[in-house]
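Here are some notes for a colleague who is opening this structure for the first time. Please keep the sequence and the model side by side while reading the points below.

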Amino acid sequence: MNDILTEQSVRTALGACGKALCVRVLPVCDSTNVEARRLLLSGESGAALVTAERQTAGRGRLGRSFHSPAGTGVYLSLLLPLAEPLASSVSVTCAASVAVMRAIRLIVGKQVQIKWVNDLLLEGRKVCGILTEAVGLGEQTHLIVGVGINLRPAIFPPELSGAGSLNDGSTPRSLLIAAVVRELLPLLRHPEDHSWLADYRAYSCVLGQRVRWSREGEIFEGVAESIDGEGGLTVRTPAGGTVVLRTG
């Protein structure tokens, strides 16, 4: 199967949705989020899409690495100027999780589950990670949403034993990239619209489960009970109280 990514293949898949987008397709980069930041600092002021065949330093939250071999995954970052400062990074990340979940269901035909706050799982294995960053430049704030999806089967290093793939060998990556962008843009451009919450709650795989989190080096445990209106995770502690996690 010829599935080489080009600007033309991505623009064709995007259709009218891509007309106002700056599109960069790279054979390799360190990280599409880093490349999007470079694009912003070089003078790009509008919405932009950066995607790459592979990443040499793909990353997730808390500095974790994201394995990004050539030909097996979708690695993209969407750069978007915000009309107003970002109110909640958690809610944006949650909204992005729903957008990517919907795109995978539409294009690949598989239903993934959402692990709070930014991972998508299939049969208990991580198949997608999302990294959201806000970048201030002068008086303007830009949002960078990075998405890494393991589309094809791949050999993962031992330290990523929990990783998996969508095990799809035929879907053109450009179609999945375009679907992710089409699902993401409306949610990111209208952050006040929390219609994504119903899906986020419905496809959560942590509600009712015991969870662990750290704060200032100390480990805590509890049972995840609900997800609030901003995407925060409400956890019941062993002492009977509740805490709301805004980062995790």
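1. A residue is called buried when its relative accessible area is under 20%, exposed when it is over 50%, and partly exposed in between. T242, with a relative accessible area of 44%, is therefore partly exposed. Please keep in mind throughout that this is a predicted model.

2. T242 belongs to strand β11, which covers residues 242–245. Once its neighbours within four places in sequence are left aside, T242 is in contact with E225, T234, V235 and R236. For one of these, E225, the separation along the chain is 17 residues, and the C-alpha atoms of T242 and E225 are 9.0 Å apart.

3. Turning to the chain as a whole, there are 5 helices and 11 strands. The radius of gyration is 18 Å, close to the 18 Å that the globule rule gives for 248 residues, so the chain is as compact as a globular protein of that length. Along the principal axes, the C-alpha atoms fill a box of roughly 55 × 45 × 30 Å.

4. Of the 248 residues in the chain, 49% are buried. Among contacts between residues at least 6 apart in sequence, 61% join residues that are at least 24 apart. The accessible surface comes to about 11,500 Å², and carbon and sulfur atoms account for 51% of it. As for charge, the chain carries 25 positive and 23 negative side chains, with the centres of the two sets lying 4 Å apart.

5. Is D168 buried or exposed? Its relative accessibility is 9%, so D168 counts as buried, although D168 sits in a loop, the one between β7 (140–150) and α4 (173–189). A polar atom of the D168 side chain lies 2.7 Å from the backbone nitrogen of T171. Beyond its neighbours within four places in sequence, D168 is in contact with V108, L151, R152 and P153.

6. Some points of backbone geometry deserve a check by eye. Most residues other than glycine have a negative phi, and most peptide bonds are trans. N167, which is not a glycine, has a positive phi of about 55°; N167 is located in the loop between β7 and α4 and, at 53% relative accessibility, counts as exposed. E123, also not a glycine, has a positive phi of about 55°, lies in the loop between β5 and β6 (125–137), and counts as exposed at 78% relative accessibility.

7. The peptide bond from W116 to V117 is cis, with omega near 10°, and V117 is found in the loop between β4 (113–115) and β5 (119–122).

Definitions and conventions: Residues are numbered from 1 along each chain as its sequence is written. This is a predicted model: local features need pLDDT of at least 70, side-chain atom pairs count only at pLDDT 80 or more; totals for chains, interfaces and linings use all residues. Side-chain values use heavy atoms; hydrogens and water are left out. Helices (H or I, at least four residues) and strands (E, at least two) are DSSP runs, numbered from the N terminus. The radius of gyration is taken over C-alpha atoms; the globule rule is 2.2 Å times the number of residues to the power 0.38. Buried means under 20% relative accessible area, exposed over 50%, partly exposed in between (1.4 Å probe, protein chains only). Contact means heavy atoms within 4.5 Å. Accessible areas come from the Shrake-Rupley method with a 1.4 Å probe; for residues, only the protein chains shown count as cover. Lys and Arg count as positive and Asp and Glu as negative; His and the chain ends are not counted. The place of a charge is taken as NZ of Lys, CZ of Arg, CG of Asp or CD of Glu. A polar contact is a pair of N or O atoms within 3.5 Å; within protein, one must be able to donate a hydrogen and the other to accept it, and residues adjacent in sequence count only if both atoms are side-chain atoms.
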